[in-house]
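Please keep the viewer open as you read.

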Amino acid sequence: MYRVRVRSAPPVVLALRRFPNPRLTGIGAGLFAALTMFVLACVDRLLFDSSELVYGLLFLPVSALTALWVRPADLVTAPISVPIAFAVGVFPISGGSEGLGGQIMGLVTALAVHAGWLYGGTLIAGLIASVRKVRQMRARRRYVLAQGRGGSPASERAPRSASAAASAAAKPVRAGAGGAGGAGAVARRPQRP
């Protein structure tokens, strides 16, 4: 009897496995990021008096979660939706004056002032999405190689099947050996003169 040694995962890994792992579509990930940033900006305005630092620090994990939770088919949308979510969320803390023009100027100014946080969150989302895409491509390549489909293209298979069909056509067929009732399937040997 052999003893099998089972290694348990570290407690940190076990705790991370308990977190939710949703797979959002591209639109769902954009909506998640935009709504989360808007709610966090409202909380920032109420609790921290529209602190730019707090908003920027909260934007980074939202960017990472957006890139982690988007499904593999929509990975390219994560770095696109994160800056849009930043712009949606910065509206409550922009501090524009009264009127539509004043609000727009406050929004543009806040986006210009917070550009470092915007680029940082977009970079994080882009890096996570790129790493996930590379891992997906490697897993697909391993799967294809494991199935045995990786080495022989169709052009190599075609001459073998053509030569097999030519050799089968060159063999004479005996009388009575035809399959479909013998009608039209019987071929005779040519007779010598």
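**How helix H2 packs**

Helix H2 packs against helix H3 (residues 52–69) at an angle of about 160 degrees, with the two axes 10 Å apart. Axes here are lines fitted to C-alpha atoms, for helices over the stretch in contact, and angles run from 0 to 180 degrees between N-to-C directions. Helices are DSSP runs (H or I, at least four residues), numbered from the N terminus. H2 and H3 are therefore roughly antiparallel to each other, a label used for angles over 145 degrees. H2 passes H3 in a right-handed crossing, where right-handed says that the near helix is turned clockwise from the far one by less than a right angle.

Before going on, a word on the ground rules. This is a predicted model, in which local features need pLDDT of at least 70 and side-chain atom pairs count only at pLDDT 80 or more, while totals for chains, interfaces and linings use all residues. Residues are numbered from 1 along each chain as its sequence is written, and side-chain values use heavy atoms, with hydrogens and water left out.

Now to the second partner. H2 and helix H4 pack at an angle of about 30 degrees, their axes 8 Å apart. These two are therefore roughly parallel, as angles under 35 degrees count. Their crossing is right-handed. From H2, Ala29, Gly30, Ala33, Ala34, Met37, Phe38 and Ala41 meet Ser81, Ala85, Val88 and Gly89 of H4, with contact meaning heavy atoms within 4.5 Å. The residues of this contact divide into 8 nonpolar, 3 polar and no charged; Ala, Val, Leu, Ile, Met, Phe, Trp, Tyr, Cys and Pro count as nonpolar, Asp, Glu, Lys and Arg as charged, and the others, Gly among them, as polar.

Which residues touch the most other members of the largest nonpolar core? They are Met37 and Tyr55, in a core of 21 residues. Such a core is a set of buried Ala, Val, Leu, Ile, Met, Phe, Trp, Tyr and Cys residues joined through side-chain atoms within 4.5 Å. Not counting residues up to four places away in sequence, Met37 touches Tyr55, Leu58, Phe59, Val62, Ala85 and Gly89.

Finally, look at Val43, also found in H2 (residues 26–48). Val43 is partly exposed, with a relative accessible area of 35%, because that value falls between buried (under 20%) and exposed (over 50%), using a 1.4 Å probe and protein chains only.

Methods
Parallel < 35°, antiparallel > 145°, perpendicular 65-115°, else oblique.
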